[in-house]
Amino acid sequence: MYTALSRRAAAAAIRGPSASGFIGRWGGVRSTRLSLLTATGLVAFYNVPVWKEVLRLVPCTSLEAAAFYFSFAVLMWSAFALLLTLCSFRPVFKPLLTLLFPVSAVVAYFMGTYGVAIDSVMVQNLFETDLREAGAFAGPGLLAYLAVLGVMPVVLLWTVRIDYTGGIKGLLSRLMVAAACLVTGAAMLAGFYSTYAPLFREHRQVTQMINPTNYLYAFGKYVRHRWGTTARVAAVAPLGTDAHRSPVAARARKALVVFVLGETARADHFGLIGYGRDTTPELSGLGVLGYTRVSSCGTSTAVSVPCLFSGLGRAGYTDGAAWKREGLLDVLQHAGIDVYWRENNSDCKGTCVRVAHDSVMDDPERPFCGAQGCLDEALLVGLQAYVDAHPGDIFIVLHTMGSHGPAYYQRYPPAYERFTPVCRTNRLDTCTHESLVNAYDNTIAYTDHFLAQVVLWLQRQEATRDTAMVYVSDHGESLGENGIYLHAAPYAFAPRAQTHVPMLIWLAQAAVRDWRLDMACLAAGREQAYSHDNLFHTFLGLFDVRSAVYRQELDVFAPCRKPPPALQGRSGSS
């Protein structure tokens, strides 16, 4: 008997951990059953944010509401189980789940912590950000989610033997389970159709918060749109090749226009635009005009920046349409204007690839730069050398880091920490609203200082050039209102905090004269509604560029531009 037991032990040792030890003790589980168990876990642990949203939209005030919550849970479970069952084949099932758990854990963390929904724009932001920006979100909270909801399920997965039923029998078994899931989900929808219909039609954020179908669908849409369009576009179509300066502009002093493209700045936190706090003391003394009703093209850099420069307008903008043709910077170059893009952000989203451009982030030894990145004042270092080397008309874009979150406290030097206490973590939901707003307002105070430095630099160029500065943010930011943080909410239901952006304009006195502008008229229009759609045509008009692509009715300056002297005399004598 002892010999027999020894032989069995030896055989077990030879077979290894698949039949004995820790793994062996777990036994096996059918792939279809594991699909159902995984679906249960997804509903219970990975979808807390969507449950909070549903409870907010459908208050629990009756037994009927409670029954709806049960049906919603069953509906999600049925959908997850259906998809997992159809993938429960040996070659793909374990690798699929190995990716599913950690990715779903990260998505659950971001939705739960920042109140964001997941759509193709959010996926685009993920792929187009840089490591420094992404690293700002790392912290104990994210690691905890990864450990508990990401790593632990994967470890359990690889300690379990999955039994795959093969052949026709296995296929039929999977089809029967899938059919049962389909029928169950349909029954839940039919039973509460009067609640589901308006919920899904009027509150699309609900479907964009269901984890993991939200990011799977968004990723597929992003890949299909981006890569499919890229494959079809062989060359960029020219735009505005007829562009030229008017005879009056050609005789005038050379122009130097700086466009400061802001980041994540919301208009209602600018003192110059009516905020209760004086967050813009330096600009207030420089004769800067602040426009109060300006809307962004998107709620993320990935959309707003290419949209702004494309000239397509928000209604006509798509990534594909913008990639297929040139934009504002190309039209200005066609008109003989030197264009230069300087970066302190992730990148220009394809808008600067055909013009001179560089990034201050490439040199950590540059003044105002360090291990955490660069302050926006780094954009001004060495800028004079470019201007001195280009005697003609110049258009400069300074793409700032601005108020980029979640680490607002890293976006300004200590001297500009004027409002305290300050939130010093990327877990914004753990900060008091006061400390979060203080940190954000400090970023606006530093933006005020940076823009004032731009104006002072332009004033030093006035002896030889007509100078101007235009500042517009790419989008706004949510600071915890209704449990929403950061930005990139789908535009259809994005809060105003993410779409209402500041626009500031400064013009040198000589430029006002040479460009025939009426400052009183411009000041009177500060409360008129504008958007990113206006900027393409405003910059063309500022340089007095004639082209078929220019639309005077969208030029902010057009109503306040006086006719040339010859025309003034002619109209006066008639």
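**Cysteines and their surroundings**

Modeller: C423 and C431 are both buried, where buried means under 20% relative accessible area, exposed over 50% and partly exposed in between, with a 1.4 Å probe and protein chains only. The model is predicted, so local features need pLDDT of at least 70 and side-chain atom pairs count only at pLDDT 80 or more, while totals for chains, interfaces and linings use all residues. Residues are numbered from 1 along each chain as its sequence is written, and side-chain values use heavy atoms, with hydrogens and water left out.

C423 and C431 are joined by a disulfide, S to S 2.0 Å, a disulfide being a pair of cysteine sulfur atoms within 2.5 Å. The torsion about the S-S bond of C423 and C431 is about 60°, so this disulfide is right-handed.

The structure holds five disulfides in total. Another of them joins C297 to C307, with S to S 1.8 Å. Its S-S torsion is about 65°, so the link between C297 and C307 is right-handed. This pair links distant parts of the chain, ten residues apart: C297 is in the loop between β5 (289-295) and α15 (301-310), and C307 is in helix α15. Helices (H or I, at least four residues) and strands (E, at least two) are DSSP runs, numbered from the N terminus. C297 has 4% relative accessibility and therefore counts as buried. C307 is buried because its relative accessible area is 3%.

C348 and C352 form a disulfide with their sulfur atoms 2.2 Å apart. About the S-S bond of C348 and C352 the torsion is -80°, and the link is left-handed. Both cysteines, C348 and C352, are buried.

Counting bonded cysteines along the chain, the disulfides follow the pattern 1-2, 3-4, 5-6, 7-8, 9-10. C87 is in no disulfide; the nearest cysteine sulfur, that of C181, is 13 Å away. C87 counts as partly exposed because its relative accessibility is 29%. C60 is exposed, with a relative accessible area of 54%.

Helix α15, which holds C307, leads on to the sheet. It lies across β4 (255-262), β6 and β10, and runs at about 155° to β4. Contact here means heavy atoms within 4.5 Å. Axes are lines fitted to C-alpha atoms, for helices over the stretch in contact, and angles run from 0 to 180 degrees between N-to-C directions.

The sheet is open and has eight strands in the order β7-β6-β10-β4-β11-β14-β5-β15, with mixed pairing. Its edge strands, each pairing on one side only, are β7 (356-359) and β15 (529-531). From one strand to the next the twist averages 25°. Two strands pair if DSSP finds at least two bridges between them. Strands of a sheet pair through backbone hydrogen bonds, either parallel or antiparallel. Strands β6 (residues 338-343) and β10 (residues 394-399) run parallel and are joined by six bridges. E343 stands opposite H399 in β10.

On a 1 Å grid over the protein atoms alone, a cavity is a set of points where a 1.4 Å probe fits but cannot get out; a pocket is an open set with protein on both sides within 12 Å along at least five of seven lines, and lining residues have an atom within 4 Å of a point. Grid points are joined across faces, edges and corners, and a volume is the space filled by probe spheres set on the points. The whole structure has two cavities of 30 Å³ or more. Helix α20 supplies the largest share, three residues.

Helix α15 has a place in the largest pocket as well. The volume of this pocket is about 1100 Å³. Its lining takes at least two residues each from α6 (93-114), α7 (120-128), α8 (131-135), α9 (140-157), α12 (213-232) and α15. The largest share, eight residues, comes from α6. Of the 39 lining residues, F110, M122, V123, N125 and L126 lie nearest the centre of the pocket.
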